[in-house]
Amino acid sequence: MRIIVSIDTDTFVGDDGLDPAAASLAELLRAGHEVVIVHGAPAETQAVTGSRLVRALDSVLVGRTVVALVTHAQVGAHDPQVSLPDRPRVRPQAVPEAQVVRELLADGTVVVCGGGIPVLRERGTARLRTVPVTVDPDRTAALLAVELDADILLFLTGATHLFAAGGHGRPRPLLRLTPDELSGVRLPEAVITRAAIAADFVTRTGGVAAIGPVDNALGILLGTTGTQIRPAPASVRETAPSSD
(Lines give C-alpha, C1' and ligand atoms only; values in the text may rest on other atoms or scores of the structure.)
Protein backbone atom coordinates (compact mmCIF):
# COMPACT_ATOMS: atom_id res chain seq x y z
CA MET A 1 0.00 0.00 0.00
CA ARG A 2 1.02 3.60 -0.53
CA ILE A 3 1.31 5.48 2.76
CA ILE A 4 1.85 9.20 3.33
CA VAL A 5 3.29 9.76 6.80
CA SER A 6 3.02 13.11 8.53
CA ILE A 7 5.58 13.07 11.32
CA ASP A 8 5.45 15.55 14.17
CA THR A 9 8.96 16.99 14.47
CA ASP A 10 8.30 17.75 18.14
CA THR A 11 8.62 14.00 18.74
CA PHE A 12 12.35 14.02 18.05
CA VAL A 13 14.62 16.47 19.78
CA GLY A 14 18.28 15.92 18.99
CA ASP A 15 19.64 13.03 16.98
CA ASP A 16 18.72 10.46 19.64
CA GLY A 17 15.03 11.09 19.05
CA LEU A 18 15.37 10.24 15.38
CA ASP A 19 16.42 6.64 15.97
CA PRO A 20 13.02 5.33 17.21
CA ALA A 21 11.26 7.23 14.43
CA ALA A 22 13.58 5.80 11.76
CA ALA A 23 13.20 2.26 13.11
CA SER A 24 9.43 2.67 13.15
CA LEU A 25 9.33 3.91 9.54
CA ALA A 26 11.68 1.13 8.45
CA GLU A 27 9.14 -1.43 9.68
CA LEU A 28 6.57 -0.03 7.24
CA LEU A 29 9.03 -0.36 4.37
CA ARG A 30 10.08 -3.89 5.30
CA ALA A 31 6.40 -4.82 5.31
CA GLY A 32 6.32 -3.91 1.61
CA HIS A 33 4.64 -0.51 1.73
CA GLU A 34 5.52 2.56 -0.33
CA VAL A 35 6.25 5.43 2.01
CA VAL A 36 6.45 9.21 1.69
CA ILE A 37 7.39 11.09 4.86
CA VAL A 38 6.28 14.68 5.40
CA HIS A 39 7.91 16.55 8.28
CA GLY A 40 6.76 19.78 9.81
CA ALA A 41 10.03 21.67 10.18
CA PRO A 42 9.84 25.42 9.46
CA ALA A 43 10.50 26.39 5.85
CA GLU A 44 13.91 27.87 6.63
CA THR A 45 15.14 24.58 8.18
CA GLN A 46 13.36 22.21 5.81
CA ALA A 47 16.55 21.00 4.13
CA VAL A 48 18.36 20.44 7.44
CA THR A 49 15.53 18.38 8.90
CA GLY A 50 15.16 16.44 5.66
CA SER A 51 18.87 15.62 5.75
CA ARG A 52 18.63 14.40 9.35
CA LEU A 53 15.76 12.08 8.46
CA VAL A 54 17.56 10.76 5.39
CA ARG A 55 20.67 9.94 7.42
CA ALA A 56 18.65 8.25 10.16
CA LEU A 57 16.71 6.15 7.65
CA ASP A 58 19.81 5.32 5.62
CA SER A 59 21.38 3.76 8.71
CA VAL A 60 18.53 1.25 9.11
CA LEU A 61 17.54 0.62 5.48
CA VAL A 62 20.33 -1.30 3.83
CA GLY A 63 20.10 -1.20 0.06
CA ARG A 64 17.27 1.36 -0.13
CA THR A 65 17.60 4.81 -1.67
CA VAL A 66 16.28 7.60 0.55
CA VAL A 67 16.05 11.17 -0.74
CA ALA A 68 14.89 14.46 0.73
CA LEU A 69 13.08 17.04 -1.37
CA VAL A 70 12.64 20.71 -0.66
CA THR A 71 8.94 20.97 -1.40
CA HIS A 72 6.48 23.82 -1.85
CA ALA A 73 2.89 24.31 -0.83
CA GLN A 74 1.04 26.29 -3.46
CA VAL A 75 -1.70 28.51 -2.10
CA GLY A 76 -4.52 30.20 -3.96
CA ALA A 77 -3.74 33.53 -5.56
CA HIS A 78 -7.26 34.70 -4.71
CA ASP A 79 -7.23 33.48 -1.11
CA PRO A 80 -7.97 36.65 0.91
CA GLN A 81 -5.73 35.49 3.76
CA VAL A 82 -2.65 35.65 1.55
CA SER A 83 -2.71 39.45 1.66
CA LEU A 84 -3.11 39.72 5.44
CA PRO A 85 -0.13 41.23 7.30
CA ASP A 86 0.18 38.76 10.22
CA ARG A 87 1.41 35.56 8.47
CA PRO A 88 -1.91 33.73 8.66
CA ARG A 89 -2.21 29.97 8.25
CA VAL A 90 -3.49 29.22 4.74
CA ARG A 91 -4.76 25.98 3.21
CA PRO A 92 -2.43 24.64 0.53
CA GLN A 93 -4.04 23.81 -2.81
CA ALA A 94 -1.28 21.89 -4.59
CA VAL A 95 2.20 20.45 -4.11
CA PRO A 96 4.14 21.30 -7.30
CA GLU A 97 6.60 18.45 -6.72
CA ALA A 98 3.89 15.76 -6.48
CA GLN A 99 4.69 14.26 -9.89
CA VAL A 100 8.38 14.04 -8.99
CA VAL A 101 7.46 12.22 -5.79
CA ARG A 102 5.27 9.81 -7.79
CA GLU A 103 8.15 9.02 -10.15
CA LEU A 104 10.57 8.44 -7.28
CA LEU A 105 8.11 6.06 -5.63
CA ALA A 106 7.82 4.13 -8.88
CA ASP A 107 11.60 3.61 -8.74
CA GLY A 108 11.38 2.23 -5.19
CA THR A 109 12.78 5.35 -3.57
CA VAL A 110 11.83 6.41 -0.05
CA VAL A 111 10.91 10.10 -0.20
CA VAL A 112 11.20 12.68 2.58
CA CYS A 113 9.33 15.95 1.99
CA GLY A 114 9.03 19.15 3.92
CA GLY A 115 5.67 20.54 4.93
CA GLY A 116 5.98 23.03 2.11
CA ILE A 117 7.45 26.47 1.50
CA PRO A 118 4.35 28.62 0.81
CA VAL A 119 4.22 29.90 -2.76
CA LEU A 120 1.69 31.13 -5.27
CA ARG A 121 1.79 31.09 -9.05
CA GLU A 122 1.87 34.56 -10.57
CA ARG A 123 -0.61 35.44 -13.22
CA GLY A 124 0.98 36.18 -16.57
CA THR A 125 4.43 34.72 -15.87
CA ALA A 126 3.21 31.52 -14.12
CA ARG A 127 6.27 31.79 -11.89
CA LEU A 128 6.18 30.56 -8.32
CA ARG A 129 6.95 33.17 -5.70
CA THR A 130 7.07 32.87 -1.96
CA VAL A 131 4.37 34.47 0.16
CA PRO A 132 4.50 35.47 3.86
CA VAL A 133 2.00 32.92 5.17
CA THR A 134 2.27 29.60 6.95
CA VAL A 135 0.79 26.24 6.04
CA ASP A 136 -0.09 23.32 8.29
CA PRO A 137 2.24 20.42 7.36
CA ASP A 138 -0.57 18.00 8.20
CA ARG A 139 -2.66 19.63 5.47
CA THR A 140 0.25 19.41 3.05
CA ALA A 141 0.58 15.70 3.84
CA ALA A 142 -3.14 15.15 3.31
CA LEU A 143 -3.05 17.05 0.02
CA LEU A 144 -0.06 15.02 -1.15
CA ALA A 145 -1.90 11.84 -0.16
CA VAL A 146 -4.79 12.83 -2.43
CA GLU A 147 -2.49 13.85 -5.31
CA LEU A 148 -0.56 10.56 -5.07
CA ASP A 149 -3.64 8.33 -4.71
CA ALA A 150 -2.42 7.09 -1.34
CA ASP A 151 -4.21 4.29 0.48
CA ILE A 152 -3.35 5.49 3.98
CA LEU A 153 -2.65 8.84 5.62
CA LEU A 154 -0.69 8.21 8.81
CA PHE A 155 0.04 10.79 11.51
CA LEU A 156 2.93 9.92 13.84
CA THR A 157 2.79 11.85 17.12
CA GLY A 158 3.87 11.72 20.72
CA ALA A 159 0.55 10.19 21.85
CA THR A 160 -0.61 6.60 21.65
CA HIS A 161 -4.14 7.47 20.45
CA LEU A 162 -6.62 10.22 19.93
CA PHE A 163 -8.37 10.65 23.25
CA ALA A 164 -11.92 11.76 23.84
CA ALA A 165 -12.20 14.41 26.50
CA GLY A 166 -13.87 12.55 29.34
CA GLY A 167 -15.41 13.57 32.61
CA HIS A 168 -13.56 13.49 35.92
CA GLY A 169 -10.19 13.85 34.20
CA ARG A 170 -10.33 10.43 32.54
CA PRO A 171 -9.77 10.75 28.78
CA ARG A 172 -10.91 7.75 26.74
CA PRO A 173 -8.67 6.35 23.96
CA LEU A 174 -10.34 6.12 20.58
CA LEU A 175 -9.56 2.94 18.69
CA ARG A 176 -11.51 2.72 15.45
CA LEU A 177 -14.28 4.95 14.18
CA THR A 178 -15.79 6.58 11.10
CA PRO A 179 -15.57 10.26 10.19
CA ASP A 180 -19.19 10.75 11.29
CA GLU A 181 -18.50 9.08 14.60
CA LEU A 182 -15.39 11.20 15.09
CA SER A 183 -17.36 14.39 14.46
CA GLY A 184 -19.51 13.58 17.48
CA VAL A 185 -16.59 13.17 19.86
CA ARG A 186 -15.37 15.97 22.11
CA LEU A 187 -11.61 16.17 21.55
CA PRO A 188 -8.89 18.21 23.25
CA GLU A 189 -8.38 21.48 21.39
CA ALA A 190 -4.77 20.62 20.46
CA VAL A 191 -5.81 17.68 18.24
CA ILE A 192 -9.05 18.96 16.71
CA THR A 193 -7.47 20.21 13.47
CA ARG A 194 -5.42 17.06 12.90
CA ALA A 195 -8.46 14.87 13.53
CA ALA A 196 -10.52 16.94 11.09
CA ILE A 197 -7.82 16.63 8.40
CA ALA A 198 -7.73 12.86 8.90
CA ALA A 199 -11.51 12.55 8.69
CA ASP A 200 -11.66 14.72 5.58
CA PHE A 201 -9.11 12.50 3.81
CA VAL A 202 -11.20 9.41 4.57
CA THR A 203 -14.41 11.07 3.41
CA ARG A 204 -12.86 12.40 0.17
CA THR A 205 -10.95 9.31 -0.87
CA GLY A 206 -12.42 6.27 0.85
CA GLY A 207 -8.95 5.55 2.21
CA VAL A 208 -7.86 5.10 5.80
CA ALA A 209 -6.33 7.65 8.18
CA ALA A 210 -4.62 6.75 11.43
CA ILE A 211 -3.02 8.61 14.31
CA GLY A 212 -0.63 7.12 16.82
CA PRO A 213 2.83 6.86 18.37
CA VAL A 214 5.91 7.71 16.37
CA ASP A 215 7.76 4.60 17.57
CA ASN A 216 5.17 2.06 16.37
CA ALA A 217 3.95 2.95 12.88
CA LEU A 218 3.31 -0.64 11.86
CA GLY A 219 1.37 -1.29 15.05
CA ILE A 220 -0.95 1.59 14.17
CA LEU A 221 -1.75 -0.04 10.83
CA LEU A 222 -2.26 -3.43 12.47
CA GLY A 223 -4.59 -1.94 15.07
CA THR A 224 -2.50 -2.81 18.13
CA THR A 225 -2.11 0.86 19.01
CA GLY A 226 -3.30 4.21 17.74
CA THR A 227 -6.61 5.43 16.34
CA GLN A 228 -7.90 4.33 12.94
CA ILE A 229 -10.45 6.37 10.99
CA ARG A 230 -12.14 4.29 8.32
CA PRO A 231 -15.06 4.77 5.92
CA ALA A 232 -18.45 3.66 7.12
CA PRO A 233 -19.38 0.18 5.86
CA ALA A 234 -21.14 0.36 2.51
CA SER A 235 -24.90 0.21 2.85
CA VAL A 236 -26.56 -2.86 1.47
CA ARG A 237 -28.46 -1.68 -1.57
CA GLU A 238 -31.67 -3.32 -2.58
CA THR A 239 -31.65 -4.78 -6.02
CA ALA A 240 -34.11 -2.99 -8.26
CA PRO A 241 -36.98 -5.25 -9.31
CA SER A 242 -36.83 -6.58 -12.83
CA SER A 243 -39.10 -4.90 -15.35
CA ASP A 244 -39.70 -8.23 -17.08
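Colleague: Which residue forms a salt bridge with Arg 89, and how far apart are the closest N and O atoms?

Modeller: The partner is Asp 136, with the closest N and O atoms 3.6 Å apart. The cut-off for a salt bridge is 4 Å between a side-chain nitrogen of Lys or Arg and a carboxyl oxygen of Asp or Glu, so the pair Arg 89 and Asp 136 qualifies at 3.6 Å. Bear in mind that this is a predicted model.

Colleague: What makes this pair a tie between separate parts of the chain?

Modeller: Arg 89 lies in the loop between β4 and α3 (98-106), while Asp 136 lies in the loop between β7 and α4 (137-147).

Colleague: Why is Asp 136 called buried?

Modeller: Its relative accessibility is 8%. Buried means under 20%, so Asp 136 counts as buried.

Colleague: How many salt bridges does the rule give?

Modeller: The count comes to six. One of them joins Arg 2 to Glu 34, where the closest N and O atoms are 2.7 Å apart. Arg 2 is in strand β1 and Glu 34 in strand β2, so this pair ties together parts 32 residues apart in sequence.

Colleague: Why do Arg 2 and Glu 34 get their accessibility labels?

Modeller: Arg 2 has 15% relative accessibility and therefore counts as buried. Glu 34 has 28%, so it counts as partly exposed; that class runs from the 20% limit to the 50% limit.

Colleague: Which side chain meets Asp 149 in a salt bridge?

Modeller: Arg 102 does, at 3.2 Å from N to O. Arg 102 sits in helix α3 and Asp 149 in the loop between α4 and β8, so the pair links distant parts of the chain, 47 residues apart. Arg 102, at 24% relative accessibility, counts as partly exposed. Asp 149 is exposed, with a relative accessible area of 54%, because exposed means over 50%.

Colleague: What makes strand β1 largely enclosed?

Modeller: Six of the six residues of β1 (residues 2-7) are buried, so the rest of the structure largely encloses this strand. Arg 2, Ile 4 and Ser 6 point one way, and Ile 3, Val 5 and Ile 7 point the other way. In a regular strand the side chains alternate between the two faces of the sheet.

Colleague: How do you know that β1 pairs with β2 and with β8?

Modeller: Two strands pair if there are at least two bridges between them. Six bridges join β1 to β2, running parallel, and β1 meets strand β8 (residues 152-157) over five bridges, also in the parallel sense. Val 5 stands opposite Ile 37 in β2, and Ile 7 has Leu 156 in β8 as its bridge partner.

Colleague: In what order do the eight strands of the open sheet stand?

Modeller: The order is β3-β5-β2-β1-β8-β12-β13-β11, with mixed pairing. β3 and β11 (176-177) are the edge strands, because each pairs on one side only. β3 and β5 pair in the parallel sense over four bridges, and Leu 69 stands opposite Cys 113 in β5. Helix α2 packs on this sheet, touching β2, β3 and β5; its direction makes about 170° with that of β3.

Colleague: How do you know that the span of α2 agrees with its number of residues?

Modeller: At 1.5 Å a residue, the 13 residues of α2 (residues 46-58) should span 18 Å, and the end C-alpha atoms are 18 Å apart, so the two agree. Buried residues of α2 include Leu 53, Val 54 and Leu 57. Among the elements that cover the buried residues are α1 (18-30) and β6.

Colleague: Which strands form the open sheet of three?

Modeller: They stand in the order β4-β6-β7, again with mixed pairing. The edge strands are β4 (72-74) and β7 (128-130). β6 (residues 117-121) and β7 run antiparallel and are joined by three bridges, with Leu 128 as the bridge partner of Arg 121.

Definitions and conventions. Residues are numbered from 1 along each chain as its sequence is written. This is a predicted model: local features need pLDDT of at least 70, side-chain atom pairs count only at pLDDT 80 or more; totals for chains, interfaces and linings use all residues. Side-chain values use heavy atoms; hydrogens and water are left out. Helices (H or I, at least four residues) and strands (E, at least two) are DSSP runs, numbered from the N terminus. The expected span of a helix is 1.5 Å times one less than its number of residues. Buried means under 20% relative accessible area, exposed over 50%, partly exposed in between (1.4 Å probe, protein chains only). Contact means heavy atoms within 4.5 Å. Axes are lines fitted to C-alpha atoms, for helices over the stretch in contact, and angles run from 0 to 180 degrees between N-to-C directions.
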